[in-house]
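Open the model in your viewer, keep the selection panel handy, and let's take a short walk through it together.

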Amino acid sequence: MEILNYAFMQRALLAAVLVGITAPAVGIYLVQRRQALMGDGIGHVAMTGVGLGFLLSTSPVWMATAVAVVGAVVMELIRWYGRTRGDIALAMLFYGGMAGGVMFINLAPDGSNANLSSYLFGSLSTVSEDDVTAICLLAAFVVLVTVGLRRQLFAVSQDEEFARVTGLPVRVLNLLVAVTAAVTVTVAMRVVGLLLVSALMVVPVAAAQQLTRSFAATFAIAVAIGVSVTIGGTVTSYYQDVPPGATIVLLTIGVFIALTILAAPLARRRARSQARGDAACTADVPGARGTADGIKV
């Protein structure tokens, strides 16, 4: 393939595959915890890290990772202790992160809004070898956590009180989910962009849930969707000269719509089967029919 003759596209495709794996792998826990927009908030905070990276002449990816992790921990602490004022504190954190990123990158000697734009919306041609190395290391951490601790993380995401009763370190696991989400945001920002990464963490999971309800199947299908749309979006971006992040997100939404349409007949069929099964069980119970007739009268 022509696309593989270029080193920058080889790096971009590798980064896309890793993003397609890691984003849904973390997103499934965020969806279970009803924190679907957490990735968006972390993305805003990570902008300050990108700006600091340019200002201090260090790697924007690693600096964004450090700032995003700190921001994710603060967000989790606010969730624990914020109570009624928590939403205001989170809003200030998000908007402060955006403002800090714009300010720092404009104070940097070689910084400009054009540099920030590639991190906000993704850019194929600017994925360097150092970026690929950082993305590989960070992705390995995300996969290790989301797969290795899947039972514990799923238990905490489903019911914190039950997980606490069973002896699981709930707060530690919650912090680990937040940190892993922060790392995932910085993994994805070079391909999808900080402002669009949340969609790739949530929409593939929502699409997979149209077909199945079991955790393992949803996890596998969501990751498969993530890898497919990131590769498809990256290739489309190269040949059609369109923004990669927007292309990937639109493809993901298209997959969700298609699976929703295809799953509707299946859901109706399951409902009818369940209704027939319930009716058969009622017929087999002595006295049940007479009771039902009595109520009807």
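A crossing of two helices is called right-handed when the near helix is turned clockwise from the far one by less than a right angle, and left-handed when it is turned anticlockwise. Keep that in mind for the second stop; the model you are looking at is a predicted one.

**Stop 1: the whole chain.** Colour by secondary structure. Buried residues account for 44% of the 297 residues. Of the contacts between residues at least 6 apart in sequence, 75% join residues at least 24 apart.

**Stop 2: H3 against H9.** Select residues 60-81 for helix H3 and residues 170-188 for helix H9. Their axes come within 8 Å and cross at roughly 145 degrees. What is the handedness with which H3 passes H9? The crossing is right-handed. Now show side chains: on H3, the contact residues include Val 61, Ala 64, Ala 68, Ala 72 and Trp 80, and on H9 they include Arg 171, Leu 175, Ala 178 and Ala 182. Sorted by class, this contact holds 13 nonpolar, three polar and three charged residues.

**Stop 3: the largest pocket.** To see its lining, select Gln 35, Ala 36, Leu 37, Met 38, Asp 40, Gly 41, Met 75, Glu 76, Ile 78, Arg 79, Leu 90 and Phe 94. Helix H2 (38-55), H3 and helix H4 (86-107) are the elements that give two or more residues to this lining. Which of them supplies the largest share? That is H3, with four residues. By class, the lining divides into seven nonpolar, two polar and three charged residues. Glu 76 and Arg 79 are worth a label here: both line the pocket, and both also belong to the H3 side of the contact with H9.

**Stop 4: two loops with positive phi.** Go to Arg 34, in the loop between helix H1 (7-32) and H2. Its phi is near 60 degrees, a positive value in a residue other than glycine. Is Arg 34 buried or exposed? Because its relative accessibility is 76%, Arg 34 counts as exposed, the cut-off being over 50%.

Finish at Asp 241, in the loop between helix H11 (215-240) and helix H12 (244-284). Phi of Asp 241 is near 55 degrees, again a positive value in a residue other than glycine. With a relative accessible area of 71%, Asp 241 is exposed.

Methods. Residues are numbered from 1 along each chain as its sequence is written. This is a predicted model: local features need pLDDT of at least 70, side-chain atom pairs count only at pLDDT 80 or more; totals for chains, interfaces and linings use all residues. Side-chain values use heavy atoms; hydrogens and water are left out. Axes are lines fitted to C-alpha atoms, for helices over the stretch in contact, and angles run from 0 to 180 degrees between N-to-C directions. Contact means heavy atoms within 4.5 Å. Ala, Val, Leu, Ile, Met, Phe, Trp, Tyr, Cys and Pro count as nonpolar, Asp, Glu, Lys and Arg as charged, and the others, Gly among them, as polar. On a 1 Å grid over the protein atoms alone, a cavity is a set of points where a 1.4 Å probe fits but cannot get out, and a pocket is an open set with protein on both sides within 12 Å along at least five of seven lines; lining residues have an atom within 4 Å of a point. Buried means under 20% relative accessible area, exposed over 50%, partly exposed in between (1.4 Å probe, protein chains only).
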